[in-house]
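Have a look at the structure first, then follow the points below.

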Amino acid sequence: MDNYIVSARKYRPSTFKDVVGQKSLTTTLKNAILHHKLAHAYLFCGPRGVGKTSCARIFAKTINCMHLTAEGEACNECESCKAFNEQRSYNIHELDAASNNSVDDIRTLTEEVRIPPVIGQYKVFIIDEVHMLSQAAFNAFLKTLEEPPQHAIFILATTEKHKVLPTILSRCQTYDFTRITIGDMVEHLQYVASSEGISTEPEALNVIAQKADGGMRDALSIFDQVASFTNGNITYRAVIENLNVLDYEYYFQLTDAILNRDIRKSMLLFNDILNKGFDAQNFITGLASHFRDLLVCKDEETLVLFEVGASIRERYKEMAKLCTDAFLFRAIELVNTCDMNYRASRNKRLLVELTLIQLCQLLQPANDIKKKAQLESIDDQSVPPQPSQGKPATPAMKTASVVQTAVPPSPIPQQPVPPSLASATRKTGKAPVGTSLKELARAKGQQQPATYAAGNQAVTDMERPFTEQELQREWVKFARSIEKNAYLQNAMLNNLPTKQEEAFFEVSVHSRGTQEELIGNTIPILSALRSQLRNSHIQMRVRLMESNEKHLAYTASEKFQHMMEINPLIAKLKAEFNLIPD
């Protein structure tokens, strides 16, 4: 049986051109070698598995190569290169600072520095995880690093650059290794798969690359694991099953449910995800990434930020067309807030479910669409004037929250408004309200309409009958004309009036805030309705619906009664001492 070698070791780069995803750094190192501009100390820093130690070894082999290529690569044919490839070179020394971090270890290293190389020009000392050296070891190493022999070159590698002493950093040329992109990793994995005779699906390799989080060594380790699981046939379905990765399909189904405002379906999908063993926070972070991917797919310019396979990319582009930018901005914000509050929440499942409910409510609810259709149908109706049918008066409604406005009837001008009066109207945003002389005439038993002078214009008090449809149509028309007052506009559009006895109408609302908003704007509302409906006696009642009402105790007797309801012992106290509340 042949000895098996894992891909991370078998396909470890041996030349600069084999290094994946670090082209700018390898080019800089090759140019330094070609032009003989070598520093005495280098610091390679970056995430794990991105090629720091591999580049250090390639650099050490290349600077001792006796027959460099024109591109600045090692020839792999000379004695120095062969000694390195066969791991018998005395010119390269590696020290693992994680387990050799004492002063004695550094002293042993400095003793080795004094001995010149047997073959080649340089002795290279690679110290891995250098940030784990103790304070005393750093101090012992500092003098040697500052003034090394001509033949000595130090290469320090670390994943935590901030833990290295500033005095060490100032003596090194620093090379920052970056995370390897998903595209570069997928390309290298395809090369490994073809070399090993393994069939793959592009989406499967993409998931492996995403799971590796920018580390090529991690990607190759996952590749070996999945290859063993699938017996050499790596498919997308097998990868997500073996790696316990949440399928894209869940996120697409959940987005459909959110766009359709289907709260029940979204909660059932989340329950299915939990039943399959996925962590709720991982689901939330994945959902945030999903919405982010939808956002970048909406524009061809930002599409380069989306690193997935071709088939999934097309599906994201189609889904992105159904989502507005505003929806995606708000969705990302909600999910990110849920992610931040997840650790502090005591009921984590409820937190996620509430977030899903909020996501489903981002778009306009179905009942608002019906209400909009109702408003549009009111606009389209045109009812001719009808004579008064003597509608009987309805009894006063049994509630303490009915508020009847007391705006005096206003006369209807028969001619254009004077310029001075029109100017005042434009400045205040409210129509002028006068006092009807017809009320005075009725008090004296006079029934005929009164005609009198208002400025230089003749004004007549009128009482034209109107229907409920006409009232609602003018109500909606006025509401849509007040765009600057969005709160009042929404209050009017969401609460249509119903006609009562004679010229009265009533508006039923669900909150005291809406009630106060309508009452506070009674004058401009009634002025507009009276003008358009040609009836100067229109009055308005605003009623808070009984399901939203709350009785408050105002008098002393009411307060005392309320206290007895809370604490029955107060009634006993009253009886014993014969108390009488004021």
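1. Let's start with charges: there are 25 salt bridges here, a salt bridge being a side-chain nitrogen of Lys or Arg within 4 Å of a carboxyl oxygen of Asp or Glu. Keep in mind that this is a predicted model, where local features need pLDDT of at least 70 and side-chain atom pairs count only at pLDDT 80 or more, while totals for chains, interfaces and linings use all residues. Residues are numbered from 1 along each chain as its sequence is written, and side-chain values use heavy atoms, with hydrogens and water left out.

2. Helices (H or I, at least four residues) and strands (E, at least two) are DSSP runs, numbered from the N terminus. Arg-107 is exposed, with a relative accessible area of 52%, and Asp-104 is exposed with 52%. For the labels: buried is under 20% relative accessible area, exposed over 50%, partly exposed in between (1.4 Å probe, protein chains only).

3. Which parts of the chain does the salt bridge of Glu-249 and Arg-315 link? The two side chains meet at 2.7 Å, N to O. This pair links distant parts of the chain, with Glu-249 in helix α12 (residues 248–259) and Arg-315 in helix α15 (residues 310–320), 66 residues apart. Glu-249 is partly exposed at 27%, and Arg-315 is partly exposed at 36%.

4. Asp-293 and Arg-292 also meet in a salt bridge, at 3.0 Å from N to O. Is Asp-293 buried or exposed? Asp-293 is buried, at 13% relative accessible area, whereas Arg-292 is partly exposed at 34%. Elsewhere, Glu-79, Glu-86 and Arg-88 are linked in a network of salt bridges.

5. Now the rings: the structure holds 15 aromatic pairs. Rings of Phe, Tyr and Trp (its six-membered ring) pair if their centres lie within 6.5 Å; planes under 30 degrees apart count as stacked, over 60 as edge-to-face and the rest as tilted. One of the pairs is Tyr-11 with Tyr-191, edge-to-face at 6.2 Å centre to centre with 80° between the planes. Tyr-11 sits in the loop between α1 (7–10) and α2 (23–34) and Tyr-191 in helix α8 (residues 182–196), so this pair ties together parts that are 180 residues apart in sequence. Tyr-11 counts as buried at 15% relative accessibility, while Tyr-191 counts as partly exposed at 47%.

6. Phe-44 and Tyr-175 make another edge-to-face pair, 5.6 Å centre to centre and 80° between the planes. Phe-44 is in strand β1 (residues 41–45) and Tyr-175 in strand β5 (residues 173–176), 131 residues apart. Both are buried. Ring pairs also link Phe-44 and Tyr-175 with Tyr-42, Phe-59 and Phe-177 into a cluster.

7. Look for charges over rings too (NZ of Lys or CZ of Arg within 6 Å of the ring centre and within 35 degrees of the ring normal). The charged end of Lys-348 sits over the ring of Tyr-342, 5.6 Å from its centre. Lys-499 lies over the face of Phe-466, at 4.9 Å from the ring centre.
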